[in-house]
Amino acid sequence: MTRLLLIGPPGAGKGTQAVRLSEACGVPAISTGDIFRANVAEETELGLKAKEFMDAGKYVPDSLTNDLVRSRLHEADVAGGFLLDGYPRTTAQVDELDDILAAGGHSLDVVVLLVADSDEIVTRLSKRALDQGRSDDTEEVIRHRLDVYEEQTAPLIDLYQSRDLVVTVDGLGSVDAVTTRITDALLERGIVLTLN
Ligand code: ADP
């Protein structure tokens, strides 16, 4: 049973690693960004509300994001654990997650911090803009997303470090190399993931 968070700047490779790690631990990967994008595509009420924030590179308001995660974490498939990608990103979201977990008698096992320097990030995201056409991957919006990350999300690292939950992994290099780095770091914490 693993309750794991992936944290790191946009473009560090969280989404790619989240899919691989969740398969290896047999728990669902929950990406708030993916859930918001699916809602935007389906033009749901949540999607219509989230779109303007996302396109501007801003965070979707905590109230909307917290409600979404609260209901997702009550679904049956997360009883055996989960991997959260892109949540929490604000201190209010940390508090919400703490509450949700405490109500079920649970807590986090580990927080994986994926790091990458900002030049590499801008290069990667600009490439993704060409490949995937994401509306928030223009250079101006990317730079804004990095600023918002530094201002609102980077402080969460200290908070989780004070709980001794953080393992830091370099996100540069091949996808396989990064996955191996993460599984090695988790092993040092006694968390065994078997890659297929
Ligand atoms: P990235 O990590 O590259 O920023 P994501 O797919 O994780 O990409 O997120 C895309 C957008 O979705 C964010 O810029 C933000 O607008 C919204 N979003 C995702 N997760 C959250 C969250 N936890 N809180 C607020 N907004 C979020």
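Predicted model: local features only at pLDDT ≥ 70, side-chain atom pairs only at ≥ 80, totals over all residues.
User: How do you know that the radius of gyration of the protein chain agrees with that of a compact globule?
Analyst: The rule takes 2.2 Å times the number of residues to the power 0.38, and for 196 residues this gives a value near 16 Å; the protein chain has 16 Å, so the two agree. Along the principal axes, the C-alpha trace spans about 40 × 35 × 30 Å.

User: Why are Thr32, Gly33, Phe36 and Asn39 of helix H2 called buried?
Analyst: The term requires a relative accessible area under 20%, and in helix H2, which covers residues 32-41, the residues that count as buried are Thr32, Gly33, Phe36 and Asn39.

User: What makes the buried residues of H2 line one face of the helix?
Analyst: Seen down the axis of H2, these residues fall within an arc of 130 degrees, and therefore they line one face. They pack against strand E2 (29-31), helix H3 (45-55), helix H4 (62-72) and strand E3 (81-85), where contact means heavy atoms within 4.5 Å.

User: What share of the contacts with a separation of 6 or more in the protein chain comes from residues 24 or more positions apart?
Analyst: Such residues account for 73% of those contacts. The protein chain has 8 helices and 5 strands, which follow the pattern β-α-β-α-α-α-β-α-β-α-α-β-α along the sequence, and 47% of its 196 residues count as buried.

Notes. Residues numbered from 1 in each chain as written. Heavy atoms only, no water. Buried < 20%, exposed > 50% of the residue type's maximum accessible area, 1.4 Å probe, protein only. Helix = DSSP H or I, 4+ residues; strand = E, 2+ residues; numbered from the N terminus. Arc of directions from axis to C-beta.
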